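Visitor: I'd like to go through how the pieces of this fold pack together. Could you take me through it, beginning with a pair of helices?

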Amino acid sequence: MTATSVPAADAAAARARLLELIKELAVVRGKVILSSGAEADYYIDLRRITLHHEASKLVGQVMLSLTDNAGIDFECAGGLTMGADPVGTAVMHAAADAGRTVDAFVVRKAQKSYGMGRQVEGPSVEGRKVLILEDTSTTGGSALTAVEGVRKAGGNVVAVAVIVDRDTGAKEKIEAETGVPYLFAYGKDELGLS
């Protein structure tokens with residue numbers, strides 16, 4: 001089977017429908033404390049999307065299209081457990097649907113002290129082109145931890161991609177500290193949060 005991209009019309013429809021679902025299911029208004037410790041007037045609960053029966057498939061299609069449009073070539077996709085786990089799986093399945101081979105992986109917050117002592121779980125990333133994924137990012141901390149873990153495991157990180165960027169400096173921080181592009185499918189303005 002020949003490797004292909006998600007057709008443009010399908011990608012546009014997937015992107016539009018996923019945006020509707022994010023607005024409907026994932027945007028929660030009200031004071032919350034984020035994982036970064038920062039306070040916000042809204043929360044974007046993307047697990048309501050990445051684990052949703054319809055939205056999960058769309059996440060894979062949108063993220064694959066996003067990276068294709070940016071010219072990012074990768075063999076493995078994943079990130080820090082737990083936010084990135086369903087995103088990596090969705091990308092893996094979308095790639096398979098397009099006739100492509102992409103492995104998914106998960107990165108633990110710290111290397112295990114037992115068993116095989118790994119921080120990166122799943123198929124090996126050593127010597128392979130790796131896309132770091134996250135559902136959303138505020139400070140970039142989760143993605144930076146994932147980049148560090150993958151690099152220690154011998155992976156070649158080619159980009160970081162998130163579903164929603166909160167426009168709080170994660171892009172600038174990640175690009176400065178990792179030297180790789182930071183991509184996002186949606187900005188907070190598209191969600192009516194600017």
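This is a predicted model: local features need pLDDT of at least 70, side-chain atom pairs count only at pLDDT 80 or more; totals for chains, interfaces and linings use all residues.

Visitor: Which residues of α5 and α6 make the contact?

Guide: On the α5 side the contact is made by Ala-143, Leu-144, Val-147 and Arg-151, and on the α6 side by Lys-173, Ile-174, Glu-177 and Thr-178. Sorted by class, the residues of this contact of α5 with α6 are four nonpolar, one polar and three charged.

Visitor: And at what angle do α5 and α6 pack?

Guide: Helix α5, which covers residues 141-152, packs against helix α6, residues 170-178, at an angle of about 20°, and their axes are 10 Å apart. An angle under 35 degrees counts as roughly parallel, so α5 is roughly parallel to α6.

Visitor: Switching to the sheet, what's the strand order?

Guide: Six strands form an open sheet in the order β5-β4-β3-β6-β7-β8, with mixed pairing. The edge strands, each pairing on one side only, are β5 at 120-121 and β8 at 182-187.

Visitor: Which helix packs on the sheet and touches β3?

Guide: Helix α4, residues 85-97, packs there, touching β3 (76-80), β4 (103-107), β6 (129-137) and β7, and the direction of α4 makes about 130° with that of β6. As for α6, that helix lies across β6, β7 and β8 and runs at about 170° to β8.

Visitor: Back to β7 and β8: parallel or antiparallel?

Guide: Strand β7, residues 156-165, pairs with β8 in the parallel sense, over five bridges, and Val-160 stands opposite Tyr-182 in β8.

Visitor: Is Asp-167 buried or exposed?

Guide: Asp-167 counts as exposed, because its relative accessibility is 55% and the cut-off for exposed is over 50%.

Visitor: Last one: how do α1 and α3 cross?

Guide: The axes of helix α1 (residues 8-26) and helix α3 (residues 55-69) come within 9 Å and cross at roughly 130°, and the two helices are therefore oblique to each other. The crossing of α1 and α3 is left-handed.

Visitor: And which residues meet in α1 and α3?

Guide: From α1 they are Ala-11, Ala-14, Arg-15, Arg-17, Leu-18 and Leu-21, which meet Ala-55, Leu-58, Val-59, Gln-61, Val-62 and Ser-65 in α3. By class, this contact of α1 with α3 has eight nonpolar, two polar and two charged residues.

Methods. Residues are numbered from 1 along each chain as its sequence is written. Side-chain values use heavy atoms; hydrogens and water are left out. Axes are lines fitted to C-alpha atoms, for helices over the stretch in contact, and angles run from 0 to 180 degrees between N-to-C directions. Helices (H or I, at least four residues) and strands (E, at least two) are DSSP runs, numbered from the N terminus. Angles under 35 degrees count as roughly parallel, over 145 as roughly antiparallel, 65 to 115 as roughly perpendicular and the rest as oblique. Contact means heavy atoms within 4.5 Å. Ala, Val, Leu, Ile, Met, Phe, Trp, Tyr, Cys and Pro count as nonpolar, Asp, Glu, Lys and Arg as charged, and the others, Gly among them, as polar. Two strands pair if DSSP finds at least two bridges between them. Buried means under 20% relative accessible area, exposed over 50%, partly exposed in between (1.4 Å probe, protein chains only). A crossing is left-handed if the near helix is turned anticlockwise from the far one by less than a right angle, and right-handed if clockwise.
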